[in-house]
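Keep the sequence and the 3D view side by side.

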Amino acid sequence: MSVSSQRPNIIFIVADDLGYADLGCYGGREPVSPVLDSLAAQGLRFTQGYSNSPVCSPTRFAMITARYQYRLRGAAEEPINSKSRGSTTLGLPTEHPTLPSLLKASGYNTALIGKWHLGYPPAFGPLRSGYDEFFGPMSGGVDYFTHCDSRGTHDLWFGEEEHQQEGYLTDLLSDRAVDWVNRMAPAAQAGQPFFLSLHYTAPHWPWETRDDEALAQEVKDNLFHLHGGNIHTYRRMIHHMDEGIGRVMAALRAQGLADNTLVVFTSDNGGERFSDNWPLVGGKMDLTEGGIRVPWIAHWPAAIAPGRVSDQHCLTMDWSATMLAAAGVAAHPDYPLDGVSLLPVLQGEGGEFARPMFWRMNHRGQRAARLGDWKYLRVDGHDYLFNIPADERERANHASRQPERLAELRTAWEAWEATMPAIPEDATVSLGYGAKDMPQR
Ligand SMILES: [Ca+2]
């Protein structure tokens, strides 16, 4: 199949803290995601797709710049927390080219509907980094009903104007996304495409379904919601998001735009406490597979044959590079991409290609490299070596049996790391809870 001569619309849907096996099409135990499952069945599902980081804002820096996040100071925060409000350093520098700014400059209409988490105005903000429109929260986590962040500050915005609106946030974001598609449809039908970042906060804490407004008062002093939640609530939160994605897809179809719209779905990091990451170990904040392996689904009938599954290795920033390639947009020469376009994989041209991937976390001194089948991992000063296809669960440690291979991967990681800025002395790690709050594995 070949790409249509007309440039595609692009919708980049990102869930928040969704785990690898939470969706039906990734082995989920309950049918929470019929819409996403059908997008995967009609499109392309990746089994070896990763997030750039096991925590929110670092991944979002990589997603919007298509470069390793370690290059930017704000991304050293694990994650940016609400104490960063007013900071002039902890955010996405407005002069940095971005996925939306490059697409906008090439003629795309652009919007972010959902979570930003890349620093606060006036120094930073979505309208200052390439989005024509913004509706959503600026911070890392808000209540679904009060739309207040973890410090109790109201955090729902339309552009840079504070926006008061009643409703369950997942539904408000879906409503606005449908509205955007319908408003942009005439231009898109006339040949001016759109780029929509639809970045849900679901299924991130607090553990509230559409029917749980009463919980908002109970959790307002601690949105981590350490006394609440369960897998049933968690699954319904995913289902609410899936319903909203279904409404966005229905709007695309009604406007005759579904065929030439590239829809990509993923999560910003691995699953949190109620998530299903099976068979992976670990979750958010970990460089074990459960913290970084995430769902990646691509749907684009004009270019992607239905029903395919790919084992291509890829990172969040590769998808940003893919979107630029699909739009025929080059990177800014002063900011070359670390992301690699997956367009040939989407179009089924050629096979999978070698894609070395590297990660670094200040938290617990973690390192990871995935080179082909093998993964080098360091946590708390211990070095491990795993064969991922043979043991996705990272329990069979080959480090002492294959010291030469371990050394080879460690050297590759160190060579990569030498090309990145060091972790700043004042970078912070924010953990919402620990062993005193719930037993650790
Ligand atoms: Ca997240």
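Predicted model: local features only at pLDDT ≥ 70, side-chain atom pairs only at ≥ 80, totals over all residues.

The protein splits into domain 1, residues 9-346, and domain 2, residues 358-417. Their C-alpha centres are 28 Å apart. The two domains touch: 14 residues of domain 1 contact 12 residues of domain 2. On the domain 1 side, the touching residues comprise 9 nonpolar, 3 polar and 2 charged.

Ser5 sits in the segment before strand 1, which spans 9-15. Is Ser5 buried or exposed? Ser5 has 6 other C-beta atoms within 10 Å. A residue with 12 or fewer counts as exposed, so Ser5 is exposed. Asn260 is 255 residues away along the chain, yet the C-alpha atoms of Ser5 and Asn260 are separated by 9.9 Å.

Next, find helix 8, residues 316-326. How many residues of helix 8 are buried? The count is 11 of 11, so helix 8 is largely enclosed by the rest of the structure. Among the buried residues are Asp318, Trp319, Leu324 and Ala326. What surrounds them? The buried residues of helix 8 pack against strand 1, helix 2, helix 3 (99-105), strand 8 (261-267) and helix 9 (343-346). Just after helix 8 comes Gly328, with a positive phi of about 70°.

Two packed helices are described by the angle between their axes and the distance between the axes. Helix 2 covers residues 56-65, and its axis comes within 7 Å of the axis of helix 8. The two axes cross at roughly 25°. Angles under 35 degrees count as roughly parallel, so helix 2 is roughly parallel to helix 8. The crossing of helix 2 and helix 8 is right-handed. Which residues meet there? Helix 2 brings Thr59, Ala62 and Met63, while helix 8 brings Thr316, Met317 and Ser320. This contact has 3 nonpolar and 3 polar residues, with no charged residues.

Turn to helix 6, residues 231-254. Helix 1, residues 34-42, approaches it, with the two axes coming within 7 Å and crossing at roughly 55°. That angle makes helix 1 oblique to helix 6. Pro34, Val35 and Leu36 of helix 1 meet Asp242, Ile245, Gly246 and Met249 of helix 6. By class, the contact of helix 1 with helix 6 holds 5 nonpolar residues, 1 polar and 1 charged.

Helix 6 also packs with helix 4, residues 169-189. Here the angle is about 10°, and the axes are 9 Å apart. Helix 4 and helix 6 are therefore roughly parallel to each other. From helix 4, the contact takes Thr170, Asp171, Leu173, Ser174, Ala177, Val178, Val181 and Asn182. From helix 6 come His240, Met241, Gly244, Arg247, Val248, Ala251 and Leu252. The contact of helix 4 with helix 6 divides into 8 nonpolar, 5 polar and 2 charged residues.

Helix 1 is oblique to helix 6, whereas helix 4 is roughly parallel to helix 6.

Technical notes: Residues numbered from 1 in each chain as written. Domains from an automatic or database assignment. Contact = placed C-beta atoms within 7 Å. Nonpolar A, V, L, I, M, F, W, Y, C, P; charged D, E, K, R; others polar. Axes fitted to C-alpha atoms, helices over the stretch in contact; angles between N-to-C directions. Helix = DSSP H or I, 4+ residues; strand = E, 2+ residues; numbered from the N terminus. Parallel < 35°, antiparallel > 145°, perpendicular 65-115°, else oblique. Left-handed = near helix turned anticlockwise from the far one by under 90°. Buried ≥ 20, exposed ≤ 12 C-beta atoms within 10 Å, placed from the backbone.
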